[in-house]
Amino acid sequence: MARKKKGDVVDGWVCLDKPFEMGSTEAVSRIRRLFNAQKAGHAGTLDPLASGVLPIALGEATKTVPMMMEAKKVYRFTINWGVSTDSVDREGEIIGRSDVRPTLDQVKAALPAFVGEIDQTPPRFSAIKVDGARAYDLARDGVDFELPSRRVVIHSAEATAAPDADHVEIRILTGKGVYVRSLARDLALALGAEGHVSALRRERVGPFSTEKAVTLDSLEEMVHRGAASEGLLPVATALDDIPDLAVTEQDAFSLRQGRPIVLLPRQVETLKTRLSDGSRTVSAFQGQTLVALCQLRAGRLEPDRVFNLS
């Protein structure tokens, strides 16, 4: 006999405005406890020293987390000139000092070299695993190791302000796997300066933005007055940029059973015009209910992930 899962059936996304000095794992645990949800996960780690958008999936929404891991992200951060640290943030040990203070114009001139598809080496203080151990644990223990560079995409980068000679504010739009601290480190090196990230805020992850975000305090208030659903976004929120197709009750039943459905030629042509970047992923809906994420192949929709939503 199957063991009954602990917690309630809760399906949807929480667009959390993660507070400063809270880890992503702790944030997920707090949200899961607030909703008493059976299952929870997050779409993209946000450092404890960063604030901003942390999308947290509950229940069936966890099946869409891989889609959000690939989503574009917007960060706004501040570089503090004059001091470099081993972690490239203000918690690290000082490893360099300099009197060089790049101007706003100099930063603007240097940024284009970091836009597009570039090679980036992750910071030593990161969650990347090296021979089974986290890089940040090895770095704290003084272990000598190297992290390989990786190809990442920065779609745009803009220096927006220089409040004083010691600081510059930058806003970037990125693809998957970009480290803001690595960008700050490499930008300082290119400008012949020392610097570290003194403030970092994530403003967007795919369709989740600060405009939709809720704080922990506001969520707790909703839960205490029995209105937790006010802080919950639909599972399909994560699929905003994926073409959708309305299916019949019979086709929905087939998809839920893991069986493909055959489409009409006009349906195939319509979907092809809406698909981009070689993607074949389509979301199937029966009315307003998400049924499955599917792959369009040879005139058929083949279910990849099936959702148990009422």
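Q: What volume does the second largest pocket have?
A: The model is predicted. Among the residues lining this pocket, Glu70, Asp241, Ile242, Ser276 and Asp277 are the closest to its centre. The volume of the second largest pocket is about 520 Å³.

Q: Which elements give two or more residues to the lining of the second largest pocket?
A: The lining has 22 residues. By class, nine are nonpolar, six polar and seven charged. Two or more residues come from each of helix H2 (65-69) and strand E10 (150-164).

Q: Which element supplies the largest share of the lining of the largest pocket?
A: The largest pocket holds about 1,200 Å³ of space. Its lining counts 43 residues, and Thr45, Leu46, Asp47, Tyr179 and Arg181 are the closest to the centre. Helices H1, H4 and H5 and strands E4 and E12 each supply at least two lining residues. The largest share, five residues, belongs to E12.

Q: Which strands stand at the edges of the five-stranded open sheet?
A: The strand order is E14-E16-E17-E18-E15, with mixed pairing. Each edge strand has a single partner, so one side of it is left without a neighbour in the sheet. The edge strands are E14 (244-246) and E15 (261-262).

Q: Over how many bridges do E17 and E18 pair?
A: E17 spans residues 289-297 and E18 spans residues 300-306. Alanine 292 has valine 306 in E18 as its bridge partner. The two strands pair in the antiparallel sense, over six bridges.

Q: What angle does helix H7 make with E17?
A: H7 (residues 249-256) packs on the sheet. This helix touches E15, E16, E17 and E18. Its direction and that of E17 make an angle of about 75 degrees.

How values were computed
Residues numbered from 1 in each chain as written. Predicted model: local features only at pLDDT ≥ 70, side-chain atom pairs only at ≥ 80, totals over all residues. Heavy atoms only, no water. 1 Å grid on protein atoms, 1.4 Å probe; cavity = no way out; pocket = protein on both sides within 12 Å on 5 of 7 lines; lining within 4 Å. Points joined across faces, edges and corners; volume = space filled by probe spheres on them. Helix = DSSP H or I, 4+ residues; strand = E, 2+ residues; numbered from the N terminus. Nonpolar A, V, L, I, M, F, W, Y, C, P; charged D, E, K, R; others polar. Pairing = 2+ DSSP bridges. Contact = heavy atoms within 4.5 Å. Axes fitted to C-alpha atoms, helices over the stretch in contact; angles between N-to-C directions.
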